[in-house]
Amino acid sequence: MKHRLFVLILSLALSMAASAQSPVDLGLSVRWADRNVGASSPDSYGDHFAFGETEPKDIYTWKTYKLCGGTFDTLTKYCTDAAYGNADGLTVLLPEDDAATVNCGKDWRIPTKEEWDELVRECDWTWVSDGGGYLVRSRRNGRSIFLPAGGFRVESDHHYFTCDGLYWSSTLCGEVPYDAYRLYFGSDYIYVRYYGRFFGRNVRAVYDPAEQL
């Protein structure tokens, strides 16, 4: 079974390899990219980004996070509470702060929390131990994407590579604005919850031209 899944994923990678980002229609509200931002193929994990940053970097801490003054309570953008910085009321990433838009083009963006929830709810998720990650198959039309377990970055370290997958949404946690929502999965769990904005996580883009008009 594992071998069959690995062959399926390899076939998917080869069929998509001609383009940097290809939208896959899963029959959902948006089309999903076939690979992570910065990845050369659907089965590689690509780059890691902090929430609202558009380039990978060497060290991920509050001190190096560009949207604060060095601490969690000095936020300079995307803040809903003056106790944590400049309360601008922004709760969804703008295009200039969206790693998918900046790196892939104006028709691409980071999915919202609701779009990650839809992907979890409307697809069958099968863990693939070879390389680590989930084959995500739509219950609506049978098409699939692969989400590699690329781990996360904090300080200069890379944790849980091939074991866990962590992917940003574009949605701030309004109640605690130093956090933002992300998909988090391992071999026996999948959920969407909020956590610290400065961590380096993977980005999977969605294709939605209407959002950029």
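Is Cys79 buried or exposed? In the predicted model, Cys79 is buried, because its relative accessibility is 0%, below the 20% limit for burial. Cys123 is likewise assigned to the buried class, with a relative accessible area of 2%. No disulfides are found in the structure.

Confidence in the prediction was examined next. The average pLDDT of the chain is 91, and 89% of the residues reach a score of at least 70. Residues 10–19, however, have pLDDT values under 50. For this segment the model has 13 contacts beyond four places in sequence. Where pLDDT is low, predicted coordinates should not be read in detail.

Trp168 lies in strand β9, which spans residues 165–172. Its relative accessible area is 1%, so Trp168 is buried. The side chain of Trp168 reaches the backbone oxygen of Phe49 at 2.7 Å. Between Trp168 and Gly52 the C-alpha to C-alpha distance is 9.6 Å, although 116 residues separate them in sequence. The ring of Trp168 also has the charged end of Arg201 over it, 4.9 Å from the ring centre.

Across the whole structure, 24 aromatic pairs are found. One of them joins Tyr184 and Tyr191 in an edge-to-face arrangement, with 5.4 Å from centre to centre and 85° between the planes. Tyr184 is buried at 15% relative accessibility, whereas Tyr191 is partly exposed at 24%. Over the ring of Tyr191 sits the charged end of Arg193, 4.0 Å from the ring centre. One aromatic cluster is formed by Trp32, Trp116, Trp125, Trp127, Tyr134, Tyr167 and Phe185.

Definitions and conventions:
Residues numbered from 1 in each chain as written. Predicted model: local features only at pLDDT ≥ 70, side-chain atom pairs only at ≥ 80, totals over all residues. Heavy atoms only, no water. pLDDT = per-residue confidence, 0-100. Contact = heavy atoms within 4.5 Å. Disulfide = S-S within 2.5 Å. Buried < 20%, exposed > 50% of the residue type's maximum accessible area, 1.4 Å probe, protein only. Helix = DSSP H or I, 4+ residues; strand = E, 2+ residues; numbered from the N terminus. Polar contact = N/O pair within 3.5 Å; in protein donor to acceptor, adjacent residues only side chain to side chain. Phe/Tyr/Trp six-rings, centres within 6.5 Å; stacked < 30°, edge-to-face > 60°. Lys NZ or Arg CZ within 6 Å of the ring centre and 35° of its normal.
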